[in-house]
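Good morning. Please have a look at the chain on the screen, and I will then go through its contacts.

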Amino acid sequence: MSLDPRQQAFKENYTNPKSETFSNAYRSALDAGFADDYAKIITAPSVDLEWVKEILRDHERLQKAEKVLTKTLDLDTEGQPELLRIQTDVAKFVAKGMGKAKYSERQELT
């Protein structure tokens, strides 16, 4: 899904842990340039904005992947090496794909 500049700014504000408005949809929308009334309803269940739903789903998946990563680090994997490998691979895949700003191994040079 292609996002316009304000939608992209909202996504970056809302999903980037380094953002001052991280996980706050209202403030992220305001910072992205949306009107106050729109920012207040942007994540309301009654509002059917597919681009917002996609961002929220991605954010939720990333949070779940981070939980799996944390659990994996704390696991006693003695006798279960295959389980550890599977969990780690899945968590890394999700984190790298959806949390690029935080987990990407690549760096862009300008």
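**Salt bridges, core and rings**

K40 and D36 both sit in helix 3 (residues 36–41), 4 residues apart, which is about one turn of the helix. Helices here are DSSP runs of H or I with at least four residues, strands are runs of E with at least two, and both are numbered from the N terminus. An α-helix has 3.6 residues a turn, so residues three or four places apart point the same way.

Before I go on, this is a predicted model: local features need pLDDT of at least 70, side-chain atom pairs count only at pLDDT 80 or more, and totals for chains, interfaces and linings use all residues. Residues are numbered from 1 along each chain as its sequence is written, and side-chain values use heavy atoms, with hydrogens and water left out.

Back to K40, which forms a salt bridge with D36, with the closest N and O atoms 3.0 Å apart. A salt bridge means a side-chain nitrogen of Lys or Arg within 4 Å of a carboxyl oxygen of Asp or Glu. K40 counts as exposed because its relative accessibility is 53%, while D36, at 31%, counts as partly exposed. The cut-offs are these: buried is under 20% relative accessible area, exposed is over 50%, and partly exposed is in between, with a 1.4 Å probe and protein chains only.

How many salt bridges does a search of the whole structure find? The search finds 6. One of them joins R57 to E50, again with the closest N and O atoms 3.0 Å apart. In another, the side chains of E82 and R85 meet at 2.5 Å, N to O. E82 and R85 are 3 residues apart in helix 5 (residues 81–98), so about one helical turn separates them. Together with D89, E82 and R85 are linked in a network of salt bridges.

Now the chain as a whole. It has 6 helices and 0 strands. Of its 110 residues, 25% count as buried.

Some of the buried residues form a core. By nonpolar core I mean a set of buried Ala, Val, Leu, Ile, Met, Phe, Trp, Tyr and Cys residues joined through side-chain atoms within 4.5 Å. The largest one has 12 residues, including F10, Y14, A29, F34 and W51. Helix 1, helix 2 and helix 4 (50–74) each give two or more residues to this core.

Which residues of helix 1 (residues 5–15) are buried? They are Q7, F10, N13, Y14 and T15. S28, in helix 2 (residues 25–32), counts as buried because its relative accessibility is 0%. Apart from its neighbours within four places in sequence, S28 is in contact (heavy atoms within 4.5 Å) with F10, N13, Y14 and T21.

Last, the rings. Rings of Phe, Tyr and Trp (its six-membered ring) pair if their centres lie within 6.5 Å; planes under 30 degrees apart are stacked, over 60 edge-to-face, and the rest tilted. The count comes to 4 aromatic pairs. F10 and Y14 have ring centres 5.6 Å apart and planes at 10°, so this pair is stacked. F10 and W51 also have ring centres 5.6 Å apart, but their planes are at 85°, so that pair is edge-to-face. The F10 and W51 pair links distant parts of the chain, helix 1 and helix 4, 41 residues apart. Ring pairs link F10, Y14, F34, Y38 and W51 into a cluster.
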